[in-house]
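Here is a friendly briefing to read alongside the model.

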Amino acid sequence: MDRRAKLQAYHMRLIIILALSVVTLTGLTSYAIWRHFFSDLPKITSNEEIWTANRKPSLEMVDANGETIAMRGPRYGRKVSVDALPAHVLQAFLAVEDARFFEHGGVDLWSIGRAVVENLTAGHTVQGASTITQQLVKNVYLSPEQTFKRKLQEMVLAWQIDSRLSKKEILEIYLNRIYFGQNAYGLDAAAWHFFSKHPTKLTLAEAAMLAGLPKAPGRLAIDLTAAPAVERRAVVLNRMVEAGFITQAQASLASGEPVVLTIAPDLAEGQLGYAIDMAQKEVDSIGRPIAPDRVLRLTVDQKMQAAAVAAVQELIGAGRGSGVTQAALVAMDRQGRILAIVGGRDYGESKYNRATMAKRQPGSSFKPFVYAAALEKGMSPDTIRVDRPITIGTWRPRNFGGGYAGAMTLSTALTRSVNTVAVQLAAEVGIDRLLLLAQRLGIDSELPRNLSIALGAGEVTLLDMTRAYATLANDGVRVDPYLIERIDTTRGTVAYQRDKKAPVQVYEPLRARQMTAMLADVVAFGTGKRAKLPGGREAAGKTGTSQNYRDAWFVGYTADIICGVWVGNDGSTPMRGVTGGTLPALIWEDFMAAAHEGKPLSPLPTLEDLKRPSPGALAAFYESLADMFAAAGGQDVAALPAVRKLPSPQPLPTTATP
């Protein structure tokens with residue numbers, strides 16, 4: 001009995017060990033199978049992700065009127081609603097890709113069985129069984145490789161998507177994401193590219209043609225008039241007959257229709273390239289992820305952009321004897337919207353944006369900041385100063401053309417662009433206060449801390465100068481230029497909206513209007529006479545020329561538009577006598593005259609119509625200035641972070657030109 005009991009116990013232990021071994025082996029095998037096939041299975045974290053996952057980044061640019069002006073990257077069509085499409089368009093895709101779409105749960109097991117039988121009978125693959133949901137998975141999440149592992153993952157993800165979304169939602173995403181060839185993604189992009197029409201306007205023959213492309217877009221979409229694409233259209237029409245969607249007569253009629261293509265040409269960027277490059281950088285600087293299918297609504301006005309390009313190209317070029325090879329122009333409104341930007345004479349020849357990247361000496365176009373600082377110190381346009389020889393150390397600044405005119409008002413000195421008066425004013429104001437004011441107005445470039453800056457001896461960008469003048473034009477409210485108003489997705493959602501910032505008063509309105517009046521005299525009677533606009537339109541501005549005619553500027557504004565122009569050469573080689581009052585003023589006048597066509601004759605803001613700020617507003621303004629000075633340690637404005645890194649004083653120039 002003992003022996004029998006021991007034998008039974010032994011057998012029981014063997015059974016338990018065997019069972020545990022089987023369970024362990026099964027578990028390990030299952031884990032190995034799962035790890036091999038599903039450990040890297042993509043996870044669907046949200047329904048929104050199915051729209052955006054693994055899209056290649058694209059940029060579509062639309063202008064201020066919503067018209068597409070450029071595209072970079074793949075063409076992603078606008079979202080098309082299933083409800084808006086004609087029945088024959090939907091039926092074409094369903095018939096050729098998944099006739100039982102509304103009957104299965106993402107994977108059609110019946111079709112898989114039928115395909116296996118057909119393929120075994122034929123001895124090779126003659127029929128597939130992928131559903132629309134599986135094709136969506138393959139296009140969005142998986143690689144196109146034909147392996148058993150990928151097929152299993154495709155089926156699992158298809159079941160997951162079918163459980164998350166309605167059939168209508170799945171079909172809508174499929175039609176809007178599927179690749180049709182020729183760089184076109186989505187039905188909208190394909191319809192516009194091949195037929196130049198909205199998907200809702202597709203005929204039966206056109207719908208059948210497009211429905212046939214996703215099977216082999218790289219081959220079929222090369223030429224829709226070629227035999228392979230036409231034969232594929234016939235297959236789609238026959239499938240529609242088999243599914244009961246159309247009659248044989250309708251299919252025969254559509255099959256006989258000639259393929260009429262109206263291929264939409266790629267949008268040529270042309271001279272818009274500078275603006276588009278700038279917009280692309282602005283997107284990258286936003287600092288948060290933006291959906292890959294981006295539609296950038298730019299502030300650019302196409303009419304003004306064309307006028308800017310024409311003005312630059314017509315007046316700059318070889319054969320004019322001026323020694324000028326390059327120019328740049330930037331125009332904005334008082335809210336900071338960039339309306340036109342030209343970074344060079346020809347974007348095709350050079351993509352370097354001289355409006356935003358090149359730092360050049362502004363010459364006398366910097367003088368308005370000296371006078372603005374003088375007004376802020378308590379002087380007025382009628383304050384008298386004497387144009388006379390002055391010596392600062394070893395530096396003796398002289399006037400352009402020589403000679404001295406004696407006593408004159410500040411307004412007259414600015415109109416005539418008198419160098420000696422500008423230097424005297426800078427010395428009276430103090431270099432640190434002058435630099436701080438220039439930075440408050442919008443000059444971000446580092447400037448030299450010596451009196452030569454009064455004559456524009458520093459280096460600045462055209463965009464900085466235009467922004468600073470815009471602040472004066474805007475009654476002392478700082479203007480921050482921008483190019484992107486909003487970023488949408490192709491699905492119509494807003495991915496980014498520029499924040500409306502509270503206005504920042506950096507200069508007193510009364511003084512800003514005094515500056516406008518003085519700068520208007522420059523155009524009316526002074527060095528900027530060539531910038532006078534037709535029809536009596538009021539304008540204000542200032543010329544500038546650096547030493548040896550290396551740079552020439554005109555920056556100015558009307559009641560509506562602020563515009564800056566620079567001309568020169570990339571290597572800083574001298575021009576032949578070109579000053580700010582010649583070519584730059586002429587370019588400025590050409591552009592501004594065209595840009596104001598159809599606009600009412602709005603006068604420049606004057607002192608008379610200025611609504612005096614409330615005592616509280618003025619107190620807040622001066623308190624903010626006091627805070628700045630206090631932060632710098634009393635009078636030592638140079639200690640402010642904004643100017644702390646300025647270079648040490650440089651040797652002073654001997655002359656400067658207006």
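A charge sits over a ring if NZ of Lys or CZ of Arg is within 6 Å of the ring centre and within 35 degrees of the ring normal. By that rule, the charged end of Arg55 sits over the ring of Tyr76, at 4.6 Å from its centre. Please keep in mind that this is a predicted model: local features need pLDDT of at least 70, side-chain atom pairs count only at pLDDT 80 or more, and totals for chains, interfaces and linings use all residues. Residues are numbered from 1 along each chain as its sequence is written, and side-chain values use heavy atoms, with hydrogens and water left out.

**Overall picture**

- The protein chain has 22 helices and 15 strands; these are DSSP runs numbered from the N terminus, with helices being H or I of at least four residues and strands E of at least two.
- Of its 658 residues, 52% count as buried (buried means under 20% relative accessible area, exposed over 50%, and partly exposed in between, with a 1.4 Å probe and protein chains only).
- Taking contacts (heavy atoms within 4.5 Å) between residues at least 6 apart in sequence, 72% join residues at least 24 apart.

**Aromatic rings**

- The structure holds eight aromatic pairs, where rings of Phe, Tyr and Trp (its six-membered ring) pair if their centres lie within 6.5 Å, and planes under 30 degrees apart count as stacked, over 60 as edge-to-face and the rest as tilted.
- Tyr179 and Tyr185 form a tilted pair, because their ring centres are 4.6 Å apart and their planes stand at 35°.
- Tyr179 is partly exposed at 25% relative accessibility, while Tyr185 is buried at 18%.
- The rings of Tyr274 and Tyr347 have centres 4.9 Å apart and planes at 85°, so this pair is edge-to-face.
- Tyr274 belongs to helix α13 (residues 273–284) and Tyr347 to the loop between β8 (338–342) and α15 (367–376), so the pair ties together parts that are 73 residues apart in sequence.
- Both partners are buried, Tyr274 with 1% relative accessibility and Tyr347 with 8%.
- Ring pairs also link Tyr76, Tyr179 and Tyr185 into a cluster.
- Lys351 lies over the face of Tyr347, 4.9 Å from the ring centre.

**Salt bridges**

- There are 24 salt bridges, each a side-chain nitrogen of Lys or Arg within 4 Å of a carboxyl oxygen of Asp or Glu.
- One of them joins Arg467 and Asp464 at 2.8 Å, N to O.
- Arg467 and Asp464 are both found in helix α19 (residues 462–473), three residues apart, or about one turn of the helix.
- Another bridge pairs Glu103 with Arg100, with the closest N and O atoms 2.8 Å apart; Glu103 is exposed at 57%, whereas Arg100 is partly exposed at 25%.

**Nonpolar surface**

- Met12, Ile15, Ile16 and Leu20 make a nonpolar surface patch of about 410 Å².
- Patches are made of residues with over 30% relative accessible area and no salt bridge, with like charges joined within 9 Å and nonpolar side chains (Val, Leu, Ile, Met, Phe, Trp, Tyr) within 5 Å.
- Met12 lies in helix α1 (residues 2–38) and is partly exposed, at 47% relative accessible area.

Note on methods. Areas by Shrake-Rupley, 256 points an atom, 1.4 Å probe, with all protein chains shown as cover.
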